[in-house]
Amino acid sequence: MDLEQLKAERGTKALAPLPITERELCDRFEQTFTAAVNDVLRERGLLYQVLPAGILPLKDEMKVCGIAFTVKGSKNLTLESEMEQRARMLEEIGPGSVVVWDTSGDDESAQWGEVMTMASQRRGCRGAIVDGGVRDTNKVLEQDFPVFCKYRTSNGMLGRFRMIGWQMPIQIGGVFIYPGDVVFGDIDGVIVVPRAMAYEVLLKAEHIKENEKAIKQMVLDGLTPTEVIKKGGYF
Ligand SMILES: O=C([O-])CC(=O)C(=O)O
Ligand SMILES: [Mg+2]
């Protein structure tokens, strides 16, 4: 076993350079849709980039793309320095990020709420994706901040759950997420695009969006599904 090789593979990698700014990249992804991005990743043989289907937006209209700021935690009854630790995490969130929570499968606590929304939004955060819970839901909704979660609960995480760390590799369902990856969520759920291929995937997703306009026009023009396929269309 080559431990050094494994460490290099799993460790936090230097961020792969992008040919456009992160902001433009994420804004342009948000003009596409997750199904298009999914089709591009499928062509590359990446079939498992989607977070578990139960992680959905608080509102159907919510859409977010951002740079993954990863957080990991688990059920834990200890309280010592929990608030200070959480404050440190929130203060490290950078502009353009989306906070992504690996909760080790938690099913009872809220890892996100009203005040965390306010604090992270002030730091330029674009949204939060939680494989866990959200509370203060009405107050989060008022802030027009996209949040994707598995459930809603009044259970604050203090004394029930705590962070193990942040900006580390995480795993949600079968998906590995590294800090700096591109995460994109809409009404169909959340997909993770490895950073090194993000620009290329964006261009292809934009192409799919354009191409599907022509396919939809064929259907509107009265072509049968068989005729659509013969003309290069698909569903
Ligand atoms: O500790 C929590 O559960 C989060 C919370 O209520 C908030 O951010 O307002
Ligand atoms: Mg609160």
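**View 1. Glycine 124 and its contacts.** Setting aside neighbours within four places in sequence, glycine 124 is in contact with Gly94, Pro95 and Gly96 (contact: C-beta atoms, placed from the backbone, within 7 Å). The model is predicted: local features need pLDDT of at least 70, side-chain atom pairs count only at pLDDT 80 or more, and totals for chains, interfaces and linings use all residues. Residues are numbered from 1 along each chain as its sequence is written, with chains lettered from A and ligands numbered from 1 in the order written. Glycine 124 sits in the loop between helix H5 (114–122) and strand S5 (127–130). Helices (H or I, at least four residues) and strands (E, at least two) are DSSP runs, numbered from the N terminus. Because 13 other C-beta atoms lie within 10 Å, glycine 124 is partly exposed (20 or more would be buried, 12 or fewer exposed). Its C-alpha atom is 9.4 Å from that of valine 98, 26 residues apart along the chain.

**View 2. Aspartate 136, an annotated position.** The unreviewed UniProt entry places a "binding site" annotation on Asp136; such annotations may be inferred rather than shown by experiment. Aspartate 136 lies in the loop between strand S6 (133–134) and helix H6 (137–142). With 19 other C-beta atoms within 10 Å, aspartate 136 is partly exposed. Beyond residues up to four places away in sequence, aspartate 136 touches Gly113 and Glu114.

**View 3. Helices H3 and H7.** Ala36, Val37, Asp39, Val40 and Leu41 in H3 meet Val201, Lys204, Ala205, Ile208 and Lys209 in H7.

Methods:
Contact = placed C-beta atoms within 7 Å.
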